[in-house]
Amino acid sequence: MHPDFDLIVIGGGSGGLAGAFRASSHGARVALLEPGELGGTCVNVGCVPKKAMWLAAGIARQLSVAGALGFDAGSGALDWPTLVAHRQRYIGNIHASYRRRLDEAGIATLPLRARLLDANTVECADGVRLRAAQLLVATGGHAVRPAIPGAELGGISDDFFRWTAPPGRVALVGGGYVAVELAGVLQALGCRVEVFVRGPRLIDSFDAELGAQLAQDMRHAGVRLHFGHEVAAVERAGSGVRLRTTDLGEGGGTWSEPFDALLFATGRRANTAGLGLDAAGVAVNERGQVIVDALHATSAASVHAVGDVTTDLALTPVAIAAARRLMDRLYGDASDNPLDPDGIATVVFSHPPIGKIGLTEVQARERFGDAVHVARAGFRPMLDALADSPQRSLFKLVCVGQERRVVGIHLLGDAADEILQGFAVAFRKGLTLADLHDTVAIHPTSAEELVLMSMPVAEPQPLPQ
Ligand SMILES: Cc1cc2nc3c(=O)[nH]c(=O)nc-3n(C[C@H](O)[C@H](O)[C@H](O)COP(=O)(O)OP(=O)(O)OC[C@H]3O[C@@H](n4cnc5c(N)ncnc54)[C@H](O)[C@@H]3O)c2cc1C
């Protein structure tokens, strides 16, 4: 074979770009295929525009607190198009920076969709065929609507980022992080939000106690939460829509009041359909995700995959770290350097934000039984206390054994997103409760609660052998 490139990267999102840049820095000849905007989901319809809206929502909250504290905060009205223009300008700068860096690195960037013909050959949408010694599949995923009548009348998170004005009443379907984040943003920016959740709680991969406190905080902010409600159908109602929901507890279905807008946040699917993975001998699971091992190898020796197209945690830093480590092995001199899935911190940009690293209390008890001890601090942050706002924070440490090694850190409250990163480093180094107690607090902060938390009186049991 006479390869045109050492590496062809399929997809120019978080994982694909990181892989292309790192491979090229090791001297590999790289081509990157991306039919959409550079940066993929994170930059265009994910982390970045979401965080911009979340920051704006934070300002709205500060304005209301300011009023409560005696400031003349004026109307505080938001001109939505101005906010969106700032957001999109910021994103435009990221695109320009990627383009410049790709040019500087000499990466051949083709604005085309790709399909694998075999484990070394890619066919571009214009019919041109390219060959490479290695392929990297980094095609990400897309949001899916549920298979119910009228689903096409609702949008997905991508549509939210296209809105040119806020709707008055919004229904969100789903209880995962996307639903929770969009609900918080929309409510803070002046919409009336209702969330329909099939299960009994929000963000069920997070600690249940914090999920319950978040639900309470969201209710205080005015969001209406409907648990145990499955949306069975959608139909037009005037210029908006209404939803038929089934109450999973009591049975029976009812039609909702009309909403101006409806968003489904009911999950995402890997972008593998029509990608030619069969032809290349790349195996996928029953959900269409590429099956990879800890080193991101697929069932085809010359094809690797990273990011949301795989079974990895669907987070930008995970896709980036996986791609960089892979390229350090393929083209640098790194040996086995798998990601530790237990040491990854993650945050949901709810209002207030919630973050975690390690095991929830339930997971820890399943693994370590009676050796688990939990410390918690529930408190009203100083600003909320000053403004007499009911919002509360809840921090929780899950520890095991007589040494009280910390196996889970769970934070709900303002600044949880910023606090967690530093503690994640300590967590990965084998943090114990004694280490926290040895650390002098920074006062007055929310973060100090983590180093001041005490354990309940009972002695923890030794770890099971
Ligand atoms: C609303 C929302 C909010 C989020 N917020 C956060 C957050 O706060 N923090 C966080 O860490 N993560 C967040 N995420 C998740 C994060 O965006 C993803 O984990 C990340 O973008 C995955 O990167 P990726 O490279 O795997 O895929 P993507 O970024 O999706 O990139 C895949 C790229 O492949 C391209 N592609 C698809 N098919 C082909 C093909 N056949 N040929 C060529 N190119 C193709 C696509 O056009 C796309 O650009 C969020 C996601 C959403 C939806």
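**Reading a surface patch, a core and a fold**

Reader: Which residues make the nonpolar surface patch of about 520 Å²?

Author: Accessible areas are Shrake-Rupley values with a 1.4 Å probe, and for residues only the protein chains shown count as cover. Here the patch consists of Leu69, Phe71, Met382, Leu383 and Leu386. The model is predicted: local features need pLDDT of at least 70, side-chain atom pairs pLDDT 80 or more, while totals for chains, interfaces and linings use all residues. Residues are numbered from 1 along each chain as its sequence is written, and side-chain values use heavy atoms, without hydrogens and water.

Reader: Is Phe71 buried or exposed?

Author: Buried means under 20% relative accessible area, exposed over 50%, partly exposed in between (1.4 Å probe, protein chains only). Phe71 is exposed because its relative accessible area is 59%. Phe71 sits in the loop between H3 and H4; helices (H or I, at least four residues) and strands (E, at least two) are DSSP runs, numbered from the N terminus.

Reader: Which residues touch the most other members of the largest nonpolar core?

Author: In soluble globular proteins, nonpolar side chains tend to be buried together. A nonpolar core is a set of buried Ala, Val, Leu, Ile, Met, Phe, Trp, Tyr and Cys residues joined through side-chain atoms within 4.5 Å. The largest one has 38 residues, and Phe160 and Leu202 touch the most other members. Elements giving two or more residues include helix H3 (47–68), helix H4 (80–105) and strand S8 (169–173). H6 gives the most, five residues.

Reader: What is Phe160 in contact with, leaving aside neighbours within four places in sequence?

Author: Contact means heavy atoms within 4.5 Å. On that basis Phe160 meets Met53, Trp80, Leu182, Val185, Leu186 and Leu263.

Reader: Where is Thr346, and what is its relative accessible area?

Author: Thr346 belongs to strand S17 (residues 346–348). Its relative accessible area is 13%, so Thr346 is buried.

Reader: What radius of gyration does the protein chain have?

Author: The radius is taken over C-alpha atoms; the globule rule is 2.2 Å times the number of residues to the power 0.38. For 465 residues a compact globule would be near 23 Å, and the protein chain has 24 Å, which agrees. The chain holds 14 helices and 21 strands, and 51% of its 465 residues are buried.

Methods
Patches are made of residues with over 30% relative accessible area and no salt bridge: like charges are joined within 9 Å, nonpolar side chains (Val, Leu, Ile, Met, Phe, Trp, Tyr) within 5 Å. A salt bridge is a side-chain nitrogen of Lys or Arg within 4 Å of a carboxyl oxygen of Asp or Glu.
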